[in-house]
Amino acid sequence: MKVLIEKSYNKISKKAAYLVKQQINEKPNSVLGLPTGSTPLRMYDELIEMYERGEVDFSKVITFNLDEYYGLPPDHPQSYNYYMWNNFFDHINIKKENVHILDGMTNNIERECLEYETKIKNAGGIDLQILGIGPNGHIGFNEPSETLNDKTHLVTLTEETIEANSRFFDSKEKVPEKALTMGISTILKSDKIIIMASGESKASAIKKTLSGQINTCTPSTLLQTHSNVTVIVDQGAAIYL
Ligand code: GLP
């Protein structure tokens with residue numbers, strides 16, 4: 001894995017945005033896999049600024065989001081659908097029909113997950129997948145577990161993740177207990193992967209991602225099996241490297 005250690009959160013955001021821009025400029029109809037959470041927020045701001053300066057055109061770009069809370073409607077302020085439109089898509093020239101986000105309100109989970117896999121395949125696969133990471137090494141919502149469902153699926157969130165994500169909700173009880181997520185093999189099938197992390201709370205997960213034993217109990221270690229991963233971290237997340 002290629003590791004880029006940058007001075008600050010702003011610098012990792014700029015670096016990641018630059019790599020996304022480069023990808024789109026090389027292939028205007030790129031298929032991007034996109035993350036949510038607090039880490040990519042500044043990267044999205046950077047991309048919006050690049051778009052406003054005319055440096056990047058999203059008109060042919062296709063996107064697939066990594067995950068979505070199960071049971072939250074798309075207009076719920078904590079849904080990842082709302083997050084993506086509010087923080088990114090509403091500010092660039094992406095076509096609505098080119099945006100794909102799992103439906104957290106589906107009444108047919110199996111069909112929703114299967115169709116998502118098919119749509120990714122029909123789009124030609126993901127060219128560039130961007131990831132954040134949970135403090136427990138989860139990617140997307142693939143939580144540590146003895147066994148992992150490798151395709152898009154419904155997952156039960158761990159206490160640790162519910163706790164970590166409760167900062168976005170009024171109370172811990174309001175955090176959904178389940179989510180839909182791309183599976184590990186869905187992610188690993190991407191041509192290129194960028195994983196971003198900021199701050200010391202991610203340092204241990206980043207250390208394991210890079211050099212821990214490959215193990216489903218730290219899902220991010222499975223990235224070691226991919227041949228084109230770039231890890232972009234700030235100094236906080238790099239303290240154990
Ligand atoms: C959530 C998302 C992940 C994200 C993680 C880290 O659980 N499902 O995709 O990487 O949070 O989020 P943050 O960047 O806010 O620390």
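View 1. A backbone N or O atom of Ile133 sits 3.2 Å from an oxygen atom of the ligand. Keep in mind that this is a predicted model. His138 also reaches an oxygen atom of the ligand, with a polar side-chain atom 2.9 Å away. On the nitrogen side of things, look at Asp67: an N or O atom in the Asp67 side chain lies 2.7 Å from a nitrogen atom of the ligand.

**View 2. The ligand in its pocket.** Here the ligand takes up the space of the largest pocket. On its own the ligand has 390 Å² of accessible area, and the protein covers 96% of that. Around the ligand you'll find 13 residues, and the closest are Ser38, Thr39, Asp67, Arg167 and Lys202.

**View 3. Trp85 and what surrounds its ring.** Trp85 and Phe89 are both buried. Their ring centres are 5.2 Å apart and the planes meet at 70°, so this pair counts as edge-to-face, because anything over 60 degrees does. Over the face of Trp85 lies Lys96, 5.9 Å from the ring centre.

View 4. Phe88 has a relative accessible area of 2%, so it is buried. Phe89 counts as buried too, at 2% relative accessibility.

View 5. Searching the whole structure turns up 12 aromatic pairs.

Notes: Residues numbered from 1 in each chain as written. Predicted model: local features only at pLDDT ≥ 70, side-chain atom pairs only at ≥ 80, totals over all residues. Heavy atoms only, no water. Phe/Tyr/Trp six-rings, centres within 6.5 Å; stacked < 30°, edge-to-face > 60°. Buried < 20%, exposed > 50% of the residue type's maximum accessible area, 1.4 Å probe, protein only. Lys NZ or Arg CZ within 6 Å of the ring centre and 35° of its normal. Near = heavy atom within 4 Å. Polar contact = N/O pair within 3.5 Å; in protein donor to acceptor, adjacent residues only side chain to side chain. Areas by Shrake-Rupley, 256 points an atom, 1.4 Å probe, with all protein chains shown as cover. 1 Å grid on protein atoms, 1.4 Å probe; cavity = no way out; pocket = protein on both sides within 12 Å on 5 of 7 lines; lining within 4 Å. Sits in = over half its atoms within 2 Å of the grid points.
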